[in-house]
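Dear colleague,

I am passing a structure on to you, and below it you will find some notes on what turned up. Please keep the structure open while you read.

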Amino acid sequence: MKMKYFLKYRSLIGLFLVSASLLMIQILLLRFSRVAFVFNLQFIILSSAILGIGLGAFLVYLWMRKADDLMVGKYLFRTSFCYSVSSLMPFFVLHFTNFYPLWFIASLFFISELAVYIFAGVIIALTFRYYARSTGVYLIYFINMLGSGIGAFLAIFLLDSIGIY
């Protein structure tokens, strides 16, 4: 019984951190892509964010129909690891904009960005699906929105400290 509560609250803290970092990554990618690609690609970045989060939730619907709490904890851990690794990939791709053709860098950038959003969508959907009854949808939604709001606020300070306005 204690393990169940431990997984639930650890997952809620993880949801808060994923929500905060996801919005920070999105704001940073909007600004960095504007600098790296010279032209405005905000509509593609925002559209891929919606698509990726939706695809992640759809994958949870397809794969996780009959999963217990311990399986969910294991999948959340694996997906969180993949999310943390993949969240750095778009920035590494932008680092090589001068060495390869622009179409190649832009393609890799949008594919790696979509992977970040898919992993985030899986994490958010797993948390909502398996902890909504015991915790309450309102609390999970509050934690998700609180994390997003704090992430947007912290992104402003991060961009200011880097010197990109």
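How many residues does helix α5 have, and how far does α5 reach from its first C-alpha to its last? In this predicted model, α5 covers residues 102-135, which makes 34 residues, and its span of 47 Å is close to the 50 Å expected at 1.5 Å a residue.

Turning to aromatic rings, a search of the whole structure finds four pairs. In one of them, W103 and F104, the ring centres are 5.9 Å apart and the planes meet at 80°, so this pair is edge-to-face. W103 is exposed, with a relative accessible area of 62%, while F104, at 33%, counts as partly exposed. F109 and F110 also form an edge-to-face pair, with 5.1 Å from centre to centre and 70° between the planes. Both partners count as buried, because the relative accessibility is 0% for F109 and 18% for F110, and buried means under 20%.

A ring is also involved at Y75, where the charged end of K74 sits over the ring, 5.9 Å from its centre.

Finally, please look at S87, which lies in the loop between α3 (69-86) and α4 (89-95). S87 is buried, with a relative accessible area of 11%, and a polar atom of its side chain lies 2.9 Å from the backbone oxygen of S84. Leaving aside residues up to four places away in sequence, S87 touches I25 and V116.

Terms used: Residues numbered from 1 in each chain as written. Heavy atoms only, no water. Helix = DSSP H or I, 4+ residues; strand = E, 2+ residues; numbered from the N terminus. Expected span 1.5 Å × (residues − 1). Buried < 20%, exposed > 50% of the residue type's maximum accessible area, 1.4 Å probe, protein only. Polar contact = N/O pair within 3.5 Å; in protein donor to acceptor, adjacent residues only side chain to side chain. Contact = heavy atoms within 4.5 Å. Phe/Tyr/Trp six-rings, centres within 6.5 Å; stacked < 30°, edge-to-face > 60°. Lys NZ or Arg CZ within 6 Å of the ring centre and 35° of its normal.
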